[in-house]
Amino acid sequence: MTIEYIDTPEKLQHLCQLIKKESWIALDTEFLREKTYYPRFCLLQIATPEWQACVDPIVLPDLTPLFDEIYRQDLLKVLHSCRQDFEIFYQITGKIPGPVFDTQIAAPLLGFQENPGYAMLVSSFLNINLNKAHTRTDWSVRPLSEDQIQYAADDVIYLCQVYQKMTEQLAELGRLDWLQQDFEWLTRPELYQVQPEDAWLRIRGKNKLTGRQLSIVQALAMWREETAQRLDKPRNWLMRDDMMLELAKLQPENVSEMAGIRNMNDSLVKRHGKVICQLIAEAKTQPPKPLHEKGRPPKKTAQQEAILDILTAIVRIRADENSLNPVILASRKELEKLLYEDEDAAVLQGWRRNMVGKELQGMLNGELSLKLSAETIDISPVLQ
């Protein structure tokens with residue numbers, strides 16, 4: 001089947017007419033972000049079982065007609081691991097294209113591990129091993145070869161087939177509707193809005209900091225995020241995480257002291273040294289944002305650990321009944337969130353809530369009780 005390469009307004013208009021007739025399409029993107037903060041949109045692949053197309057956003061000046069069709073609420077968008085793709089859509093339009101079906105999110109309901117790769121699904125469902133020849137392609141270079149276009153299109157050609165087989169199996173198991181809330185969650189704009197004031201939460205090693213050190217990391221992480229966004233440069237090009245932690249510990253008072261730190265980037269000192277030293281000085285006088293969430297102690301008691309063991313046992317039972325990996329249903333980390341009454345815990349969302357989440361809440365609220373024997377664990381309502 002021919003892959004249409006869309007690089008003129010006329011071809012784009014024809015593609016839009018094709019999409020108008022569809023109830024669902026498979027989507028994927030190719031982008032680069034090694035040298036930028038924001039992803040550079042290089043190619044958009046679209047397919048149905050009847051046709052395939054690759055749209056060139058570098059050549060085409062205006063994709064508005066295409067986005068108008070893609071954003072139709074009566075058109076289902078099928079993607080694999082859609083977060084990065086949607087980040088591009090949000091960056092361009094300020095909106096997220098729902099409704100969506102994400103094969104990576106759906107796969108665990110069919111017994112796959114959490115977050116399975118696309119190649120794994122194609123191999124499992126279609127017995128096809130994907131070509132990896134163009135994994136490192138610079139998708140911004142034009143013209144693209146026929147092999148590159150075919151490689152890119154394969155991502156949506158096979159995605160159509162995986163989606164069809166996956167939904168058929170989910171329907172047979174009565175699980176197709178379980179995913180609705182999970183998919184709706186993927187279309188929340190706040191997922192794609194980077195808040196500089198929260199950038200410190202991604203810094204590894206922050207848990208070992210307290211007081212002034214933590215305040216400094218929080219200030220530097222916010223500055224780095226804002227600067228990276230403004231310059232459209234990768235955040236680590238400005239300052240690596242380990243250097244941020246080093247600055248928080250050593251707390252240089254001037255540019256000279258900062259320049260004397262081992263492995264310090266000379267360019268960072270020259271371009272931003274004064275600002276960084278000023279941020280450090282100001283942060284030292286400010287209390288840090290709390291490291292641990294409200295109501296969540298830094299260390300669990302022995303009894304809390306025992307409660308988590310009991311919750312884990314219930315999860316294992318329900319997972320076994322439904323032929324699922326227990327970690328997919330609820331990891332221990334998610335059970336900790338439940339223990340601390342975190343309503344955002346994944347086990348309280350979507351299909352997980354119906355399978356085990358409500359039951360676990362009932363246990364913690366004293367509404368359900370356990371009855372043990374050598375062979376079984378029975379859960380029943382507490383008699384009033």
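Modeller: Start with a cut-off: buried means under 20% relative accessible area, exposed means over 50%, and partly exposed lies in between. Keep in mind that this is a predicted model.

Biologist: What makes E225 buried or exposed?

Modeller: The relative accessible area of E225 is 0%. The limit for buried is under 20%, so E225 is buried.

Biologist: How do you know that R235 forms a salt bridge with E225?

Modeller: The rule asks for a side-chain nitrogen of Lys or Arg within 4 Å of a carboxyl oxygen of Asp or Glu. In R235 and E225 the closest N and O atoms are 2.7 Å apart, so the pair meets the rule. R235 lies in helix α9 (residues 235-238) and E225 in helix α8, so the pair ties together parts that are 10 residues apart in sequence. R235 counts as partly exposed, at 28% relative accessibility.

Biologist: Why is R230 called exposed?

Modeller: Its relative accessible area is 61%. Exposed begins over 50%, so R230 qualifies. R230 lies in helix α8, which covers residues 211-231.

Biologist: What makes R72 and D74 a salt bridge?

Modeller: Their closest N and O atoms are 2.8 Å apart. The limit is within 4 Å, so the pair counts. R72 is buried at 17% relative accessibility, whereas D74 is exposed at 55%.

Biologist: How do you class R240 and D242?

Modeller: R240 has 40% relative accessibility and D242 has 45%. Elsewhere, salt bridges that share partners join K300, E305, D309, R332 and E336 into one network. By the rule, the count comes to 19 salt bridges.

Biologist: How many disulfides are there?

Modeller: The count is zero. A disulfide needs two cysteine sulfur atoms within 2.5 Å.

Biologist: Which cysteine sulfur is nearest to that of C82?

Modeller: That of C160, 16 Å away. C82 is in no disulfide. C82 is buried, with a relative accessible area of 0%.

Methods: Residues are numbered from 1 along each chain as its sequence is written. This is a predicted model: local features need pLDDT of at least 70, side-chain atom pairs count only at pLDDT 80 or more; totals for chains, interfaces and linings use all residues. Side-chain values use heavy atoms; hydrogens and water are left out. Helices (H or I, at least four residues) and strands (E, at least two) are DSSP runs, numbered from the N terminus. Buried means under 20% relative accessible area, exposed over 50%, partly exposed in between (1.4 Å probe, protein chains only).
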